[in-house]
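Keep the 3D view open and follow along from section to section.

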Amino acid sequence: MAEMNLLQAINQALDLAMARDKDVVCFGEDVGHFGGVFRATSKLQEKYGTARCFNTPLTEQGIIGFANGMAARGLKPVAEIQFADYIYPAFDQIVNETAKFRYRSGNEFNVGGLVIRTPYGGGIAGGHYHSQSPEAYFAHTAGIRVVIPRNPAQAKGLLLAAIACPDPVLFMEPKRLYRAAVGEVDIAYYETPLDKAEVVQSGCDVTVLAWGAQMEVAAKAVVLAELEGVSCELIDLRTILPWDQDCIVDSVLKTGRLVISHEAPLTGGFAGEIAATIQQHCFLYLESPIARVCGLDTPYPLALEKEYQADQLKVFSAIMDTVNF
């Protein structure tokens, strides 16, 4: 075991994957000698050479199109989009090519070796083009998996599982936690199962669900609620698509209440899909309406970032309203 931050854990996962499989290649804008804008690929080019870790031109659509071609030829490309806000030029390649490659070919061809890494979310005073959480756009597209870790150990295991996965994976990294989240990480190769939510804390009064950086916010709200005598079951969804419905249904059948929090805007956010599904399966067991605590329906505001975010006080208030309904 070794203590490392989330960024170091991602770097070690890439290092292990490249050492284990010569078909794993990393590329993107400045990921070569510079190591990427956040240094996630630091030292990889020096260790594995310019053929396996290299820079690309500033063209997100080109990066993912190139990755699709490499994966279709049997390689395992790990492509980096520098910020999730810049992923939209590659949207066509991801939703129309990456996600549908296997389906369109009748399972004759696939791009299962492809992983797209991208930092997402706010909290770093990044402002426009550096703070958005676009996971809901991709959750609408069958054929890809969407994965979001919350801490270093999880990031390493989930990224290694994503690289080994037979389906293409969009791996979204909470950049606010890159250096802020520090923990013990197994230095050996290991994979954390995809598509499985994690019950971080058991409780009986209300289920609190989040993912990525929002888990830190939800955990703080749960502590505040416990001071008021409320027992919270805290769950990290971890995989947005396909999401672990059984885990959330089982929890809500036990608690009768659900609070969902994410950083992305409320309207069209993935919390809406979860709420509809849980109401379908748990309607007769619900003790109160399902609550959503999300970002505001506005372009991400630099000057009013704290007002935009669903902080622990907003989540705590929703928990208490739900319990006292």
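## Strand 4 and its neighbours

Before we start, please bear in mind that this is a predicted model. Let's begin with strand 4 and strand 5 (residues 115-120), which run parallel and are joined by three bridges. If you want a pair to click on, valine 78 has valine 115 of strand 5 as its bridge partner.

Strand 4 also pairs with strand 2 (residues 24-28): the two run parallel, and five bridges join them. Here, valine 24 has lysine 76 in strand 4 as its bridge partner.

Is strand 4 enclosed by the rest of the structure, or open? Strand 4 covers residues 76-80, and four of these five residues are buried, so the strand is largely enclosed by the rest of the structure.

## Threonine 322 in helix 12

Next, move along to helix 12 (residues 312-323), where you will find threonine 322. Buried means under 20% relative accessible area. Threonine 322 has 5% relative accessibility, so it counts as buried.

What does threonine 322 touch? Leaving aside residues up to four places away in sequence, its contacts are Val206, Arg257, Val259, Ser288, Pro289 and Ala291. A polar atom of the threonine 322 side chain also lies 2.7 Å from the backbone oxygen of alanine 318.

Definitions and conventions: Residues are numbered from 1 along each chain as its sequence is written. This is a predicted model: local features need pLDDT of at least 70, side-chain atom pairs count only at pLDDT 80 or more; totals for chains, interfaces and linings use all residues. Side-chain values use heavy atoms; hydrogens and water are left out. Buried means under 20% relative accessible area, exposed over 50%, partly exposed in between (1.4 Å probe, protein chains only). Helices (H or I, at least four residues) and strands (E, at least two) are DSSP runs, numbered from the N terminus. Two strands pair if DSSP finds at least two bridges between them. A polar contact is a pair of N or O atoms within 3.5 Å; within protein, one must be able to donate a hydrogen and the other to accept it, and residues adjacent in sequence count only if both atoms are side-chain atoms. Contact means heavy atoms within 4.5 Å.
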